[in-house]
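The sequence and structure come first.

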Amino acid sequence: MQGLTIIKPSPKHLSSLLVAVAAVMLVLLAGVAHGGRWLFASGSEDEPCKKMTVYYHDILYSGNNTANATSAAVTKPAAALSTAHSANGTFFGMLVVFDDLVTEEQALWSEPVARAQGFYFYDKKEQYNAWMAFSLVFNSTAYTGTLNLMGADLIAERTRDISVVGGTGDFFMARGVATLRTDSFEGLYYFRLQMDIKLYECYV
């Protein structure tokens with residue numbers, strides 16, 4: 001074919017091309033590797049890279065349960081903003097700080113797997129609704145490190161999702177979803193949440 005010139009690359013040009021390709025590959029690999037760990041990202045909601053079910057126990061300080069309490073209200077809503085949903089004042093504006101036990105089974109005395117440390121507050125005037133942010137702090141033979149969770153706890157719903165926004169240790173930079181379900185409650189001073197945690201980004 002006239003007008004078409006085929007240029008054969010010299011060994012020098014070929015070597016430069018291979019170096020450039022290798023550099024691009026290193027840049028691409030840097031996007032999935034961090035600190036010697038590799039990112040495994042799930043491509044399906046039904047196939048998380050790691051999952052677990054744990055139980056979160058909250059025992060609110062009532063004034064006479066000092067030894068057992070794991071959470072305490074640190075604010076009291078203004079009377080003008082509170083509605084008559086509860087005689088004990090768990091209304092809009094109430095902030096609770098907690099250091100709660102997290103277990104492998106439902107029973108409070110079952111095998112502990114972590115502590116849930118953080119806060120929740122009631123953020124709706126008309127009915128119970130909360131927003132929470134906390135870390136699951138693991139220190140066991142199975143896991144060490146933290147998972148950080150946050151989001152709206154829509155208490156009236158049977159199940160609700162909050163986000164797993166990061167982690168450390170065995171859960172380094174993890175991302176996923178925790179589905180919450182109120183598993184048990186006793187008045188205003190104790191509740192248990194079942195937490196089904198599914199991680200969709202895991203570094204290993």
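Buried means under 20% relative accessible area, exposed over 50%, and partly exposed in between, with a 1.4 Å probe and protein chains only. The model is predicted, so local features need pLDDT of at least 70 and side-chain atom pairs count only at pLDDT 80 or more, while totals for chains, interfaces and linings use all residues. Residues are numbered from 1 along each chain as its sequence is written, and side-chain values use heavy atoms, with hydrogens and water left out.

The chain holds 1 helix and 11 strands, where helices (H or I, at least four residues) and strands (E, at least two) are DSSP runs numbered from the N terminus. In sequence order the pattern is α-β-β-β-β-β-β-β-β-β-β-β. Of the 204 residues, 32% are buried. Among contacts (heavy atoms within 4.5 Å) with a separation of 6 or more, 49% join residues 24 or more positions apart. The accessible surface, by the Shrake-Rupley method with a 1.4 Å probe, is about 12600 Å², and carbon and sulfur atoms supply 59% of that surface.

Rings of Phe, Tyr and Trp (its six-membered ring) pair if their centres lie within 6.5 Å; planes under 30 degrees apart count as stacked, over 60 as edge-to-face and the rest as tilted. The chain has 14 aromatic pairs by this rule. In one of them, the ring centres of Y56 and F134 are 5.9 Å apart and the planes stand at 55°, so the pair is tilted. Because Y56 lies in strand β3 and F134 in strand β7, the pair ties together parts 78 residues apart in sequence.

| Residue | Strand | Strand residues |
|---|---|---|
| Y56 | β3 | residues 50–59 |
| F134 | β7 | residues 130–139 |

Both Y56 and F134 are buried.
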